[in-house]
Amino acid sequence: MNATIKDYLMLHLIVLIWGFTAILGLLISLPAIELVFYRTLIASIGVAGLFLLRKKNLLMPLPDMIKVTGVGFVIAMHWILFFWSARVSTASVCLAGMATTSLWTAFVEPLFNRTKIKWYEVGLGLMVISGLLVIFSFETGYWLGLSMALASSFLAAVFSVLNGKLAHKHNPYQITFFEMAGACLFTILFMPIYSNFMTEGGLQLTWVGYDWFWLFILGGICTVYAFSVSVELMKRLSVFSINLTINLEPVYGIILAVLIFGESEKMTPQFYVGTAIILVSVLTYPVLNYLNKRRKPVRPLG
């Protein structure tokens, strides 16, 4: 992995774009499952259109196609649990649970890649969690929402590690297409259960007002572009460093919300303290990773 400053700057741009998805979630009236369905459907069609215009082959070997589509199932479950967590609890509880993604990655990545656990990654993951807990006033009594968020963050770590392995074998846009198609297929298969047992009014698939416009931004820029670039970056950046930086997403989201919605309220001191903790952890990782790579085993004399 030969990461450059440009790679890290591009990663922060992607996280900034993903931070905007929180605002889109407020602008789009559709519930969670329907939102994930349209997001993945638009993304799938968008990537297929790009390949068609460029006259390039979108297909890959069948075994790989099945694997990548399966990862899409994991992504769909991650997104559904994320939106559901916020709905059954609060955004604060959801985001606090999602803060564990980097910590999960510190354990999942070595397990999948059969390498040793880097304890400084575990420490930085815990540091990020403490920072987000400072920003978001953690509330008790929302164990269902917290459990969903923890499951969602675990799935985020899993599909990130899997994408890190796939990124070295396939075009990132091919990966994005089959994963989004797989995620869309999962939502379709899940809809009967969702409609019959988990909702009272059935599915809400009708667009309202400017939903179509915000959905195309969500599916195009926030999913096709951002997701594909993130997969490309996995060729040069570790999955842990990417997920650690992604923890800045709620911070960027709050800043964008203030700028766009013109909220007059000032940020609390806890926000700045928590942001500082997250920034320190994100900026510390490249330094610790560099020092760790420079360490050489001491050779015995003789």
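In which loop does Trp-207 lie? Trp-207 belongs to the loop between helix 8 (172-197) and helix 9 (211-233), where helices (H or I, at least four residues) and strands (E, at least two) are DSSP runs numbered from the N terminus.

The model is predicted, and local features need pLDDT of at least 70, side-chain atom pairs count only at pLDDT 80 or more, and totals for chains, interfaces and linings use all residues. Residues are numbered from 1 along each chain as its sequence is written, and side-chain values use heavy atoms, with hydrogens and water left out.

**View 1. Overall fold of the predicted model.** The secondary structure of the protein consists of twelve helices and zero strands. Of the 302 residues, 49% are buried, a term that means under 20% relative accessible area, with exposed meaning over 50% and partly exposed in between (1.4 Å probe, protein chains only). Among contacts between residues at least 6 apart in sequence, 88% join residues at least 24 apart, contact being defined as heavy atoms within 4.5 Å. The protein exposes about 15,600 Å², of which carbon and sulfur atoms supply 69%; accessible areas come from the Shrake-Rupley method with a 1.4 Å probe, and for residues only the protein chains shown count as cover.

**View 2. A nonpolar surface patch that includes Trp-207.** Trp-207, Tyr-210, Trp-212, Phe-213 and Phe-216 form this patch, with about 560 Å² of accessible area together. Patches are made of residues with over 30% relative accessible area and no salt bridge, like charges being joined within 9 Å and nonpolar side chains (Val, Leu, Ile, Met, Phe, Trp, Tyr) within 5 Å; a salt bridge is a side-chain nitrogen of Lys or Arg within 4 Å of a carboxyl oxygen of Asp or Glu. Trp-207 counts as partly exposed because its relative accessibility is 34%, and Trp-212 is likewise partly exposed at 42%, as is Phe-213 at 36%.

View 3. Rings of Phe, Tyr and Trp (its six-membered ring) pair if their centres lie within 6.5 Å, and planes under 30 degrees apart count as stacked, over 60 as edge-to-face and the rest as tilted. The count by this rule is twelve aromatic pairs. Trp-212 and Phe-213 form an edge-to-face pair, 6.0 Å centre to centre with 75° between the planes. Ring pairs also link Phe-73, Trp-84, Phe-186, Phe-190 and Tyr-194 into a cluster.

**View 4. Surroundings of Leu-30.** Leu-30 lies in the loop between helix 1 (5-27) and helix 2 (32-54), and is buried, with a relative accessible area of 5%. Leaving aside neighbours within four places in sequence, Leu-30 is in contact with several residues, among them Leu-35, Tyr-38, Trp-207 and Leu-215. The C-alpha atoms of Leu-30 and Val-208 are separated by 8.3 Å, although these residues are 178 residues apart along the chain.

View 5. Thr-69 is found in helix 3 (residues 62-88) and counts as buried because its relative accessibility is 19%. Not counting residues up to four places away in sequence, Thr-69 touches Phe-178 and Gly-182. Pro-192, placed in helix 8, is partly exposed, with a relative accessible area of 44%.

View 6. With a disulfide taken as a pair of cysteine sulfur atoms within 2.5 Å, the count comes to zero disulfides.
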